[in-house]
Every structure is written in C-alpha cells, then in structure tokens.
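Let me put the sequence and the structure up, and then I'll talk you through the packing.

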Amino acid sequence: MDEATGIALNLLTNADCRKAVTGNAKGDPSSLLGFLTDAEAFDFNESNSAIASTPNPFDIATSNISLHPDFFEASPESRQYFTPAGKVRQLGSGAQGRALTILHELRHIYKNGNHPVGNRFPFDNELLKGCFGIDAGYPKGFGPSSTNIGTRRQ
Ligand SMILES: [Zn+2]
C-alpha cells in the first residue's frame, strides 16, 4: 500500500500526470499529495465486485477510496494494459499496477470526465500516457465507448 502510494505521489509531480488525473496540468498537486498521505483516505471493502472504487458523488475533501481484496493480490488484471495493436502487456510490478488504480480512482474524485460502466480503459490509457509514458490501446471488444463488462476497476 505505502509503496503504491509512494509511486503515485512521485508520478503526480509530473504536470502531464496531474493533467491526466485532474484535467489541469497547472493545478497545485498539494491537495492530491495531502489526500494520498492522509491515513483516512483509504478504507477496505470486502466486496469482490471491483479492485477499487470511490463513492458517488465524489468529493476530494470527504471521499475515501475503497480498496477491495483484489487490490492486494498480485492478479495480472491489476497491472495489465494493451498496446495500440491490442497486445497484452503488464506494468513492471504489482505496486505500479496499484498506483495506476489509485490514480484512476483519483480521476473519478476529480470528476475529470467519466468512462463507460465496465470499461476502465479510457481512463487507464490516458493515465498510462500522462503518468507512465506508455502508449496504450484497447483489448479486443473494448473500444473507447464500449460498455462490455469484464474489467473491475470502477
Ligand atoms: Zn473507473
């Protein structure tokens, strides 16, 4: 958990990453940094319906990120992404995958757009580009507006 948070904090020092998360590259990252280092920012939810989730409506001042059991397991899904040609790849470590999940949930909290239910890739692909410098694409069956259910980062 701390390793993943540390990776996310480090990535957020990059303006491209802040823009991918908040929609505003010039935004002060201190509220994000403060949120992630606040012991109250995360809670555990035993539901297996997602890797992580945030309540709706989201509010940076009061919302928590809920972490589900799969967040803590080294499941391939938690760190995988797809090349523009649709080939599967994975981030170098489980902690990097967890950092991507944290950034994904933060983007929800910042209300920086939304993605179709069950299709995390529109968010993940912009975060992979802005935060990790990775050009990512969509797996077969998941276009930018697809609502296929099959991925559980919500
Ligand atoms: Zn999501």
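Two bits of housekeeping. This is a predicted model, so local features need pLDDT of at least 70 and side-chain atom pairs count only at pLDDT 80 or more, while totals for chains, interfaces and linings use all residues. Residues are numbered from 1 along each chain as its sequence is written.

By nonpolar core I mean a set of buried Ala, Val, Leu, Ile, Met, Phe, Trp, Tyr and Cys residues joined through C-beta atoms within 7 Å. Buried means 20 or more other C-beta atoms within 10 Å of the residue's own, exposed means 12 or fewer, and partly exposed is in between, with C-beta atoms placed from the backbone. The largest such core has 28 residues, and the ones with the most contacts inside it are Ala8, Leu11, Ala99, Ile102, Leu103, Leu127 and Cys131.

Who supplies it? At least two residues each come from α1 (2-11), α2 (15-22), α3 (30-37), β3 (65-67), α5 (94-109) and α6 (121-132). The top contributor is α5, with six residues. Those element names are DSSP runs numbered from the N terminus: helices are H or I with at least four residues, strands are E with at least two.

Take Leu11 as a way in. Once you set aside neighbours within four places in sequence, Leu11 is in contact with Cys17, Ala99, Leu103 and Cys131. Contact here means that the two C-beta atoms, placed from the backbone, lie within 7 Å.

On to the helix pairs. Two packed helices are described by the angle between their axes and the distance between the axes. The axes are lines fitted to C-alpha atoms, for helices over the stretch in contact, and the angles run from 0 to 180 degrees between N-to-C directions. For the wording, under 35 degrees is roughly parallel, over 145 roughly antiparallel, 65 to 115 roughly perpendicular, and the rest oblique. For handedness, a crossing is left-handed if the near helix is turned anticlockwise from the far one by less than a right angle, and right-handed if clockwise.

First up, α1 on α5. Their axes come within 8 Å and cross at roughly 60°, so the two are oblique to each other. The crossing is right-handed. On the α1 side you have Glu3, Ala4, Thr5, Ile7, Ala8 and Leu11, meeting Ala95, Gln96, Arg98, Ala99, Ile102 and Leu103 of α5. By class that's eight nonpolar, two polar and two charged residues. The classes go like this: Ala, Val, Leu, Ile, Met, Phe, Trp, Tyr, Cys and Pro are nonpolar, Asp, Glu, Lys and Arg are charged, and the others, Gly among them, are polar.

Next, α5 on α6. These axes come within 10 Å at roughly 115°, which makes α5 and α6 roughly perpendicular. This crossing is right-handed. From α5 come Leu100, Leu103, His104 and Arg107, and from α6 Phe123, Asp124, Leu127 and Cys131. That contact splits into five nonpolar, one polar and two charged residues.

Then α2 on α6. The angle is about 160° with the axes 7 Å apart, so this pair is roughly antiparallel. Here the crossing is left-handed. Asp16, Cys17, Lys19 and Ala20 of α2 meet Glu126, Leu127, Lys129, Gly130 and Cys131 of α6. Sorted by class, that's four nonpolar, one polar and four charged.

Staying with α2, which of its residues are buried? They are Cys17, Arg18, Ala20, Val21 and Thr22, and their cover includes α1, α5 and α6. Cys17 counts as buried because it has 23 C-beta neighbours inside 10 Å. Beyond four places in sequence, Cys17 touches Leu11, Leu12, Gly130 and Cys131. Just after α2, Gly23 takes a positive phi of about 85°.

Last, two prolines. Pro69 sits in helix α4 (residues 69-72) and is partly exposed, with 13 other C-beta atoms within 10 Å. Not counting residues up to four places away in sequence, Pro69 touches Glu46 and Asn48. Pro144 is in the segment after α6 and counts as exposed, with 11 C-beta neighbours inside 10 Å.
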